[in-house]
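I opened this entry to keep track of what I looked up.

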Amino acid sequence: MQLFFFLMIRRPPRSTLDRSSAASDVYKRQTSGYHDGEKPDARAIKVAKDKGLSIEKQISRKITKEDLYYYNLICVMDAQNYNEVKRFSQLHQTEANIELLLNLVYPGQNRQVPDPYYDGKFEEVYNICLL
């Protein structure tokens, strides 16, 4: 079985948000590979390292049409990403199996993993994701 964990779409830096006059412009940047090629947030790397995990070589990228066919299950962290990946799947006319990560443990409850980018609660998010 091939699993794909679609993590948070990190928000653009606050300075970019402050300069943007159109909410739709910010939305496009969030879903258009704004952080393609970047490593995880340094705070996430630290929490993972403290837990004995190595994620510093991971590189972010946009989800692709090929991912929809290759992976048996695509897990997303929150409703925004669920809806975005679902729309992407429908656009490419696939029947990809897309699920909120926490529905694997709490079926049908649609619990979301909070985004730690602004509040810095990376340790808390790590603990939430321990299935």
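My notes follow, topic by topic.

**Ground rules.** I am working with a predicted model, where local features need pLDDT of at least 70, side-chain atom pairs count only at pLDDT 80 or more, and totals for chains, interfaces and linings use all residues. Residues are numbered from 1 along each chain as its sequence is written, and side-chain values use heavy atoms, with hydrogens and water left out.

**Aromatic pairs.** I looked up ring pairs and noted two of them in the structure. Y70 and Y71 make an edge-to-face pair, with 4.9 Å from centre to centre and 90 degrees between the planes. For the term, I used rings of Phe, Tyr and Trp (its six-membered ring) with centres within 6.5 Å; planes under 30 degrees apart are stacked, over 60 edge-to-face, and the rest tilted. Y117 and Y118 are also a pair: their ring centres are 4.9 Å apart and their planes stand at 70 degrees, so this pair is edge-to-face.

The scale calls a residue buried under 20% relative accessible area, exposed over 50%, and partly exposed in between (1.4 Å probe, protein chains only). Y70 is partly exposed at 49%, whereas Y71 is buried at 19%. Y117 is buried at 17%, and Y118 is partly exposed at 36%.

**Charges over rings.** I searched for NZ of Lys or CZ of Arg within 6 Å of a ring centre and within 35 degrees of the ring normal. R43 has its charged end over the ring of Y117, 5.7 Å from the centre. R111 lies over the face of Y106, and its distance from that ring centre is 3.7 Å.

**Salt bridges.** How many salt bridges does the structure hold? I recorded five, the criterion being a side-chain nitrogen of Lys or Arg within 4 Å of a carboxyl oxygen of Asp or Glu.

- R43 bridges to D41, with the closest N and O atoms 2.8 Å apart. R43 is partly exposed at 35%, while D41 is buried at 13%.
- D50 pairs with K46, the closest N and O atoms being 2.9 Å apart. The two are about one helical turn from each other because they are four residues apart in helix α3 (residues 42-50). Helices here are DSSP runs (H or I, at least four residues), as are strands (E, at least two), numbered from the N terminus. D50 is exposed at 51%.
- R61 and D67 meet at 2.7 Å, N to O. R61 is partly exposed at 44%, and D67 is buried at 5%.

**Cysteines.** I found zero disulfides, taking one as a pair of cysteine sulfur atoms within 2.5 Å. C75 is buried at 1%; C129 is partly exposed at 26%.

**Nonpolar cores.** I counted as a core any set of buried Ala, Val, Leu, Ile, Met, Phe, Trp, Tyr and Cys residues joined through side-chain atoms within 4.5 Å. The largest has nine residues: I63, L68, Y71, I74, V76, V85, A96, I98 and L100. Strands β2 (73-76) and β3 (98-100) each give at least two residues to this core. Another core, of seven residues, lies apart from it and includes L73, L101, V113 and V125.

What does L68 touch, not counting residues up to four places away in sequence? With contact meaning heavy atoms within 4.5 Å, I listed I63, I74, F88, S89, H92, T94 and A96 for L68.
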